[in-house]
Amino acid sequence: KEYYQDGCFNANLMGHDYIVVCDPDLLKDVFEDQETFVKDTTVDPIFLQLKIFRGEGLTTISDGPLHQKCQGAIAPCLMKRAFAGYLPIINEAINKSFTNLKLSKAIDGNKFFKETTLRIISMIAVSEDATEWPGFAEALETCSQETVKRVFKGAKLNPFSRREFSKSVDILKTTVVGIINKRKNSYLYKEKAPEDFDILDNMLKEQEVFDEELIRANLTTILSAGH
């Protein structure tokens with residue numbers, strides 16, 4: 001890290017140079033000027049690649065009313081009072097990951113982090129352990145890695161990788177749609193008190209805003225955090 005001035009430094013990530021701004025005063029205009037600084041996902045290559053497997057959701061929708069509604073759906077689950085209820089989930093997920101680590105022949109810190117993160121996030125988002133969904137974690141890893149290669153390394157998919165990528169995208173879509181339909185068919189979200197809603201519940205109760213595709217895209221976005 002080489003500091004250029006107070007509040008800024010440069011960093012190199014995956015061969016790309018970045019200037020990191022960490023002084024809130026330097027970012028004031030970005031947050032207060034809503035007309036000049038907006039997120040446009042229609043041209044940025046990373047958003048275009050993410051849309052392929054995430055769909056049009058939280059991170060791939062441009063700033064505007066729909067993006068605000070997507071944020072509003074998960075906001076109740078990110079309130080300070082909600083985090084106390086996540087501690088048992090986090091502890092259980094970490095303990096389970098350590099147990100699996102003991103049983104493995106080799107220690108892979110990267111895999112440990114991704115497995116634990118996916119387990120925690122899925123329990124908070126849909127009250128299920130996504131690491132137990134057949135092929136889901138592997139498909140998520142494939143999609144994430146190929147996206148990184150194409151965006152940051154300028155790599156093109158060879159025929160084999162293209163088939164694997166397409167297969168993985170289908171697995172993600174089919175799995176998440178299945179989770180949504182299972183919840184909808186059981187009407188589980190109607191039996192809960194609002195304070196016990198997970199992220200999927202919060203979107204299902206707003207079905208006039210969130211159709212199945214938007215819910216799928218938002219859940220895939222959330223579940224792929226950490227990858």
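The score is the predictor's confidence in each residue, from 0 to 100. Over the protein it averages 80, and 86% of the residues score at least 70.

So much for confidence; now the conventions. This is a predicted model: local features need pLDDT of at least 70 and side-chain atom pairs count only at pLDDT 80 or more, while totals for chains, interfaces and linings use all residues. Residues are numbered from 1 along each chain as its sequence is written, and side-chain values use heavy atoms, with hydrogens and water left out. Helices (H or I, at least four residues) and strands (E, at least two) are DSSP runs, numbered from the N terminus.

Next, a helix pair. The axes of α6, residues 109–126, and α10, residues 212–223, come within 9 Å and cross at roughly 150 degrees. Axes are lines fitted to C-alpha atoms, for helices over the stretch in contact, with angles from 0 to 180 degrees between N-to-C directions. α6 and α10 are therefore roughly antiparallel (over 145 degrees). In contact, meaning heavy atoms within 4.5 Å, are L118, I121, S122, A125 and V126 of α6 with L219, I222 and L223 of α10.

On to α2, residues 45–54. Buried there (under 20% relative accessible area, 1.4 Å probe, protein chains only) are F47, Q49, L50, K51, F53 and R54. G55 follows α2 and has a positive phi, near 80 degrees.

C70 is buried at a relative accessible area of 1%, and C143 is buried at 0%.

Definitions and conventions. Angles under 35 degrees count as roughly parallel, over 145 as roughly antiparallel, 65 to 115 as roughly perpendicular and the rest as oblique. Buried means under 20% relative accessible area, exposed over 50%, partly exposed in between (1.4 Å probe, protein chains only).
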